[in-house]
Each structure stands twice: as structure tokens, then as C-alpha cells.
Amino acid sequence: MTITLPNLVPASQFSVDELTDAYNQTRVDYLVPMPMNAARLQEYIRVYDLDLEKSFVAKNGERIFGLGMLGLRPQRSWITRLGVLPNNRRHGIGEMLMEAMLEASDHAGIPRNILEVIKGNTPGHHLFKKMGFTESRELVILRRPPSPVSGTLASEAQWFSKAEAIPFLDERKGPQAWTNETESLQNVDDLFGMQICLNGRGQGWLVFQKTDFNLSRLMFQTKDGDPEAIMLEMLAHLHSKFPKLDTYTENIPADDPHLLAFSRMNYINVFERIEMCRKIQ
Ligand SMILES: CC(C)(COP(=O)(O)OP(=O)(O)OC[C@H]1O[C@@H](n2cnc3c(N)ncnc32)[C@H](O)[C@@H]1OP(=O)(O)O)[C@@H](O)C(=O)NCCC(=O)NCCS
């Protein structure tokens, strides 16, 4: 079957409701179901600094075929929400959308593009390799259903407001996933922090988002001591304080030494992503 190739229109010409509908239609058969509603997409656009002028919708007449969104921050851009409607795939539309976003990014003088693809998403992975992206690392997505914490706490925790917690984030070493960069967290409401000092065994901090329904966006660092022991104690504090809340946290590097503590605290590995980068010489 041949199709008439669509035109690419900046996403800024569509309402968030229209973008949400289009996004959901491209993901009906997705590996990990992630439907959005308009309020969530609006929040996503704000938190992750998406630029709708540089994001695109593939359209022919009134028919939408697909879309892709571009986040912009100094010296880097992020490709997200890319999708083509199932019946219109394999006609070059995904590639057209990617080319348009990369051109907009290059035109803005951005030297590095980042994206993530779920492990096992062969079409996405092949497309991104074709567009010049290479794998940088693997990231894990974790969830913990509410459950009591067994054992006793071995330290006191100090709890912080968002304004007090944000400076901790800049102590992190190495690149963070886009969703976990300080810029993302600054844009998030209901952010809190905590610090512990484990008698003679080290210290660490944890920053997290807490709503009425769940805990999320766990960011952390061991200042000194064994990362597994420090993280276990921080998680014990967190889940003792909020025993009824579900927890979801994403994009922790798969080789992070704190991960052992998460599995000991009954976190489940929900799925994995591959982070990919493209650098302009
Ligand atoms: C990934 C996706 C956007 C590709 O869109 P598309 O319009 O079908 O892709 P194109 O026709 O432009 O294909 C471009 C390249 O992508 C790769 N590709 C696309 N579909 C593929 C498939 N089923 N298997 C292997 N490679 C594939 C190929 O490298 C292809 O180049 P080629 O035609 O020279 O082989 C589409 O499959 C989709 O919407 N999937 C669901 C949402 C999703 O996975 N989004 C990416 C999330 S990170």
C-alpha cells in the first residue's frame, strides 16, 4: 500500500487535547502502555521544557499520522513522544519527524541530542541508529507497591522542603537522564528531601516527589559510606514515613551501586530503557 506523504506542522498549531489524542493513538499497541490525558501532557511539556515550535505533527488534510516532540536546554535537546499511527508505519513518517526535529535542534546550535528507547522496541531502536544515535547506557524503571518496612531504623532523618532539597541535586556526579536533571526537578511541585547520617558508617541524601497518591522521582547520593547500606536506610525512613504510598521512579542507571538496596526494599524492575545520544562534531 502506498500513502500520500504528510506535511509536517509545528505542534504549537495544535491544542494539547489534539496532541494528547494523537499521542494516544500512536501508542495503542505500545510495548509498555503509557496513555496520557491532556492535563498530564500539559505538565509533561512544562516539566521537560518541550518546545512546541520545534516539535512536529505529521498531517494530511484533517488526518494526523504521527508526532514527535523536542525538549530544549542549554547545549542539549531531547526527543520524546515520537509515534506514528499503526496503519501508517513503515512509510518513512517516523524518519521525517526525526529529521525535522534534528534539523530544528541543529539549527538552534545544539551540539548533543538525547533520547531513550524501551529495551525491546526494535523499530524505535533501528530508527534512532539510522538517524545517527548510539547507545550510551541502560536505565531502569522501578516500582514498589505499598508495604510496611521491617526492621528498625538505625539513624535519625532530617527532612527538607523543595527549596532546601534542590541544592543537593547539583552534588550529583555525571550526566543525569533528562527526566532527572535538576532543571526537570525544579519544574516539579511537591518535591521534598531527606538526609541521614548513619553513625560512623556514612551519610547520604534523598530527594523525592510526594503527592497524595504516590512517591516518585527518587534522586539520591551517598556522600560517604557503602551506597547499598546508606540507600537501604534512606528507603527505610521514606517508606516508614509514607507506608501507604505506591512508589514509582525512573531512569536510574542500570549500573548504579544503590540499586541493590532498592531490590532489598521490595522494588520491582518494571522495564528498562536504552539511553541514546547523537553528537554534532
Ligand atoms: C518507531 C516508529 C516511530 C517508526 O515509525 P515509522 O514511520 O514506521 O518509521 P519509518 O518508516 O520512517 O522507518 C525509518 C527507519 O526506522 C526503522 N524501522 C521502522 N520500523 C521498523 C521495524 N518494524 N523493524 C525494524 N526497523 C524499523 C528502520 O531503520 C527504517 O529505515 P528503513 O526503512 O530504511 O529500514 C513507529 O514504529 C512507532 O510509532 N512505534 C510506536 C511508538 C514508538 O515506539 N515510538 C518510539 C518511542 S522511543
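Guide: A charge sits over a ring if NZ of Lys or CZ of Arg is within 6 Å of the ring centre and within 35 degrees of the ring normal. This is a predicted model, in which local features need pLDDT of at least 70 and side-chain atom pairs count only at pLDDT 80 or more, while totals for chains, interfaces and linings use all residues. Residues are numbered from 1 along each chain as its sequence is written, and side-chain values use heavy atoms, without hydrogens and water.

Visitor: Which residue lies over the face of Trp159?

Guide: Lys241 does, at 4.7 Å from the ring centre. Likewise, the charged end of Arg27 sits over the ring of Tyr30, 4.2 Å from its centre.

Visitor: Why is the pair of Trp159 and Phe208 called edge-to-face?

Guide: Rings of Phe, Tyr and Trp (its six-membered ring) pair if their centres lie within 6.5 Å; planes under 30 degrees apart count as stacked, over 60 as edge-to-face and the rest as tilted. By this rule there are 13 aromatic pairs. The rings of Tyr48 and Trp78 have centres 5.4 Å apart and planes at 65 degrees, so this pair is edge-to-face. For Trp159 and Phe208 the centres are 6.2 Å apart and the planes stand at 90 degrees, so that pair is edge-to-face.

Visitor: Why does Trp159 count as partly exposed?

Guide: Buried means under 20% relative accessible area, exposed over 50%, and partly exposed in between (1.4 Å probe, protein chains only). Trp159 has 31% relative accessibility, and therefore counts as partly exposed. Phe208, with a relative accessible area of 1%, is buried.
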